[in-house]
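The sequence and the model are shown first, and a description follows.

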Amino acid sequence: MNINSVSPSFGSLQVATSKMNNKQMDLSDKFCDSLKYDDTYQTLEDQDIDVYVLPGKNDSQIDVRVMDPYSGNFIRSNDRHIIKQKLSTRSSEEAIRKAADSIIDTIKSVVAGLIKRPKADVVNIFEGKTAMARLNPDKYKSFDRDLKYWIDAGVDLDDALDMSYDNFVSMYRIGNVDKDF
């Protein structure tokens with residue numbers, strides 16, 4: 001599966017293909033196609049919300065979750081449960097489309113402020129204690145590089161963390177592309 005050639009500018013699709021079997025990758029392809037070719041999905045540009053497609057509990061399932069890249073954590077509903085869609089290889093085309101619509105509705109709710117983004121904890125990012133750090137540590141390469149630069153320049157750790165995080169946020173959109181990992 002290779003989704004690198006089509007990348008919406010607002011966020012990205014991150015698919016954990018390295019942990020999936022062929023059935024899960026095929027299902028992921030179907031879901032991603034359903035999502036990225038939706039007109040509403042395309043209107044949400046510049047919102048920096050990532051969609052993660054992960055292997056499910058068994059070898060015929062996938063879990064789709066929405067991530068706030070600035071906190072590095074999955075977006076939760078107001079009752080504090082991680083918002084996710086589960087699909088199986090037995091899911092119909094209609095079920096896949098409904099799952100994509102649900103993810104789009106979640107993104108719209110975050111954009112409208114109906115669902116709050118998780119707050120960023122720079123120390124957790126630094127210590128790798130975020131969902132994004134555990135699943136896709138490459139996303140933090142620029143943060144780590146900047147942090148080393150500031151510490152080598154003699155800046156104290158708290159200020160170096162803050163400056164590295166600010167740069168990470170401002171530069172995230174530029175390097176955020178659809179990716180299999």
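In which helix does aspartate 166 lie? Aspartate 166 is part of helix H7, which spans residues 157-175. The model discussed here is a predicted one.

**Strand E3 and its partners**

Strand E3 covers residues 61-68. Of its eight residues, seven are buried, and the strand is thus described as mostly covered. E3 runs antiparallel to strand E2, to strand E4 and to strand E5. The table lists these pairings.

| Strand paired with E3 | Residues | Bridges | Direction |
|---|---|---|---|
| E2 | residues 50-55 | six bridges | antiparallel |
| E4 | residues 73-74 | two bridges | antiparallel |
| E5 | residues 84-88 | five bridges | antiparallel |

Individual residues show how the strands are placed against one another. Methionine 67 of E3 stands opposite aspartate 50, and methionine 67 also has phenylalanine 74 in E4 as a bridge partner. Arginine 65, in turn, is the bridge partner of lysine 84 in E5.

**Connections between the strands**

Two hairpins involve E3. Five residues link E2 to E3 in a hairpin. In the hairpin formed by E3 and E4, four residues lie between the strands. Glycine 72 is in the turn of that E3 and E4 hairpin, and its phi is positive, at about 80 degrees.

Note on methods: Residues are numbered from 1 along each chain as its sequence is written. This is a predicted model: local features need pLDDT of at least 70, side-chain atom pairs count only at pLDDT 80 or more; totals for chains, interfaces and linings use all residues. Side-chain values use heavy atoms; hydrogens and water are left out. Buried means under 20% relative accessible area, exposed over 50%, partly exposed in between (1.4 Å probe, protein chains only). Two strands pair if DSSP finds at least two bridges between them.
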